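The questions below go through one protein model, from its overall fold to single contacts. Each answer ends on the item asked for.

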Amino acid sequence: MGRRIDKSGAPKYYPGVPTIVLETNIEAPPEICFDLMRDIRLHTETTVETNDRATAGVTGGKIGLGQTVTFEGTHFGMRQRLTVKVVEFARPRHFVDEMIEGRFKSFKHGHEFFERDGGTLMVDTLRWASPFGIVGRLVDKLVLERHLRHLVTTRNARLKQIAEQSYTRATPAQS
């Protein structure tokens with residue numbers, strides 16, 4: 001059963017849908033975190049394990065509502081493509097990108113940014129469906145969930161580092 005934090009902070013559940021919810025605390029304002037998360041160049045720099053690159057749509061700068069990007073990367077030893085479209089956008093609180101072309105039956109990635117203790121709680125919610133029925137659900141549980149969790153956790157750790165470094169540099173030292 002998948003859990004998601006809604007805007008009120010209460011959990012939402014998506015029964016029967018593979019879901020990953022990851023929370024990352026970042027010592028930088030939501031505006032900085034929000035803009036870094038939608039930066040295409042930064043996406044490719046923080047996914048070096050899979051050698052992701054943007055090949056179509058928005059291939060540089062920040063992606064926004066209604067825009068698409070196609071990423072190519074190596075997953076499970078195969079070069080794969082995923083095209084997503086930003087279907088929800090409310091700066092600096094949340095945006096959602098959804099697969100419009102790729103190997104999943106469906107894939108949706110929500111990015112939420114909550115101001116917390118002078119910083120940001122960033123919440124990633126990934127929901128997907130694999131093709132191939134029961135075999136796909138087995139692959140979800142045995143392989144894909146761990147792979148996606150690792151990719152997003154690794155990327156978020158790097159984004160946290162970049163956000164905190166850039167915010168520290170932009171903020172004058174207090175005496």
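Helices (H or I, at least four residues) and strands (E, at least two) are DSSP runs, numbered from the N terminus. This is a predicted model, in which local features need pLDDT of at least 70 and side-chain atom pairs count only at pLDDT 80 or more, while totals for chains, interfaces and linings use all residues. Residues are numbered from 1 along each chain as its sequence is written, and side-chain values use heavy atoms, with hydrogens and water left out.

Q: Which pattern does the protein chain follow, read along the sequence?
A: The secondary structure of the chain comes to three helices and nine strands. Read along the sequence, these elements give the pattern β-β-β-α-α-β-β-β-β-β-β-α.

Q: What percentage of the residues in the protein chain is buried?
A: Buried means under 20% relative accessible area, exposed over 50%, and partly exposed in between (1.4 Å probe, protein chains only). Among the 175 residues of the chain, the buried share is 45%.

Q: Which residues of helix 1 are buried?
A: Helix 1 spans residues 30–37, and six of its eight residues are buried, so it is largely enclosed by the rest of the structure. The buried residues are Pro30, Cys33, Phe34, Asp35, Leu36 and Met37.

Q: Which residue stands opposite Ile20 in strand 9?
A: Two strands pair if DSSP finds at least two bridges between them. Strand 3 (residues 19–26) and strand 9 (residues 119–129) pair in the antiparallel sense over eight bridges. Six of the eight residues of strand 3 are buried. The residue of strand 9 opposite Ile20 is Leu126.

Q: Which residue in the turn between strand 5 and strand 6 has a positive phi?
A: Strand 5 (residues 68–75) and strand 6 (residues 78–90) pair in the antiparallel sense over eight bridges, and Val69 stands opposite Val84 in this pairing. The two strands form a hairpin with two residues between them. The turn residue with a positive phi, about 60°, is Phe76.

Q: How many residues lie between strand 6 and strand 7 in their hairpin?
A: Strand 6 and strand 7 pair in the antiparallel sense over seven bridges. In this pairing Phe89 stands opposite Phe95. The number of residues between the two strands of the hairpin is three.

Q: Why is the pair of Phe95 and Phe113 stacked?
A: Rings of Phe, Tyr and Trp (its six-membered ring) pair if their centres lie within 6.5 Å; planes under 30 degrees apart count as stacked, over 60 as edge-to-face and the rest as tilted. A search of the whole structure finds five aromatic pairs. Phe95 and Phe113 have ring centres 6.5 Å apart, and the pair is stacked because the planes are at 15°.

Q: How many residues apart are Phe95 and Phe113?
A: Both Phe95 and Phe113 are buried. Phe95 is in strand 7 (residues 94–101) and Phe113 in strand 8 (residues 106–116), so the pair links distant parts of the chain. The separation is 18 residues.

Q: What is the angle between the planes of Phe104 and Phe107?
A: Phe104 and Phe107 are both buried. The ring centres are 4.8 Å apart, and the pair is tilted because the planes are at 35°.

Q: Which residues form one aromatic cluster?
A: The stacked pair belongs to a cluster. Its members are Phe34, Phe89, Phe95 and Phe113.

Q: With which residue does the side chain of His94 make a polar contact?
A: His94 is found in strand 7 and is buried, with a relative accessible area of 10%. A polar contact is a pair of N or O atoms within 3.5 Å; within protein, one must be able to donate a hydrogen and the other to accept it, and residues adjacent in sequence count only if both atoms are side-chain atoms. At 3.2 Å, the partner side chain is that of Glu88.

Q: Is Val58 buried or exposed?
A: Val58 is found in the loop between strand 4 (53–57) and strand 5. Val58 and Ile40 are 18 residues apart in sequence and 7.5 Å apart in space, C-alpha to C-alpha. At 14% relative accessibility, Val58 counts as buried.
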